[in-house]
Amino acid sequence: MMKKTLLFIPSLLIPTVNVLAGSNEAKTEQHPNIVYILADDLGIGDLGCYGQKDIKTPNIDRLAADGMLFTNHYSGSTVSAPSRCVLLTGKHTGHSYIRGNKPGVGYEFPLKSGEVTVADMLKTKNYATACCGKWGMGGPEDEGSPWKHGFDYFFGYLSQRNAHKYYPDFLWENNHKIELHNQVYSHDMILEKALGFIDKNARGPFFLYFAPTLPHAELLVPGNNFGDYDGKFNEIPFKKGNTTYGDQAKPRAAYAAMVSRLDYAVGKIIEKLEAEGILQNTIIMFSSDNGVHHEGGHDAEYFNSNAEFRGTKRDLYEGGIRTPFIVRWDNHVTKGSTSNHISAFWDFMPTIAEVLKMKPAENCDGISFLPTLTGKDGQKEHDYIYHETYEQGGKQSIIKDGWKLIRLNLNHPNKIVEELYCLEMDTQEKTNLADRFPGKVEELRRLAASAHTPSEIFNWEDNK
């Protein structure tokens, strides 16, 4: 039986949105629809609007041209599950319930019952809510499932481990297992379900959390159809070895095609909103869960995937946590604008709360960036940006007033390494100034300690 792809893409390089056509007249709605698109392991340098030259992303570039591009936006974490937890609960990893990719029993560690998500908040305003893509915060029968955290509809991968395969054995539709027998390219089916949710709920208001797995490894597109990228790059074939990913003879072409397939999906969503006449009443946000990966044969340096920044996924250098962020909201956000406001995933909840004139969940760490979006006065700033992670020896980072402290080897208190950078002068984090400014190190170390609250689940001692 041949494997199926559900969408025909005539060219990976042709925009799907007619950018010259006038938009349909928007329907009047009490509240704006919200579409949050979260790519998986996409580097900030992988998009044309952030400087990419070899990979074509016309629809995402057009999203930026029609909205606001952020240059100082931080993910929730440097790995997937905690980043998604931070995004949806508004708590940075010093306070969030999930702080690492810690496995549970069969599925990742579940998000605790009682943790309030953006979807929970929106349900109080009569929003229809959906998550299509990767969840990674609980299985079908535990307290972490998406339908127990405010989502009316779910389709996709509940487990991150299953999401490493684009031709999976099964996907989940709510609590029903959909057997696919490795015959369907998952991303295309996930996109179709997302478009179906928009179609069903076009009268609004709705919240679509679209979380495709592209361009996370494995590096694969249907039929290895790389479009215009086939033969364009000098390739270094990837062999599976002892990894979870399959062989790929042309990993550079595969990665480029996956990013363009992600871009195609963004175009289809915009096209659908426009066709329903609701584009002008929809807030569209686009980001990535963490920095670029270097797995399954992806050569991040070849594509300059992390732009000028040092580090990749699992690092707390800027390349591991600085992510693309684009917001389009017609008649509210100035087209083609750029913001250097320092923002982070935990700001999503309070921003949406301010849009709807309501309060975010208790103990939210975020700050609304609505004034930045609308050009109004009164934008508040973060006192600091904090991250912690539990892989590769355990790490912390904290940024305040342009200074950044990174603490490594936290699993071994007698072997902790501290690095201090002045980001305003050294965005590439090349010059460690810890020895020259011990007072600043001490100040930031104390601040990092205050930003961290103990967790019964995640602690560095357990990860030795």
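Y36, W135, F151, F207, Y209 and F348 form one aromatic cluster; rings of Phe, Tyr and Trp (its six-membered ring) pair if their centres lie within 6.5 Å, with planes under 30 degrees apart counted as stacked, over 60 as edge-to-face and the rest as tilted. The model is predicted, so local features need pLDDT of at least 70 and side-chain atom pairs pLDDT 80 or more, while totals for chains, interfaces and linings use all residues. Residues are numbered from 1 along each chain as its sequence is written, and side-chain values use heavy atoms, with hydrogens and water left out.

There are 24 aromatic pairs in the structure. Two of them are listed here.

| Pair | Centre distance | Plane angle | Class |
|---|---|---|---|
| Y97 and F109 | 6.2 Å | 45 degrees | tilted |
| F233 and Y302 | 5.9 Å | 85 degrees | edge-to-face |

F233 and Y302 are 69 residues apart, and their pair links distant parts of the chain. F233 is buried at 8% relative accessible area, whereas Y302 is partly exposed at 31% (buried is under 20%, exposed over 50%, partly exposed in between, with a 1.4 Å probe and protein chains only). Y97 is buried at 16%, and F109 is partly exposed at 23%.

R252 lies over the face of Y302, 3.7 Å from the ring centre; K177 lies over the face of F170 at 4.3 Å. Such a charge has NZ of Lys or CZ of Arg within 6 Å of the ring centre and within 35 degrees of the ring normal.

Note on methods: Helix = DSSP H or I, 4+ residues; strand = E, 2+ residues; numbered from the N terminus.
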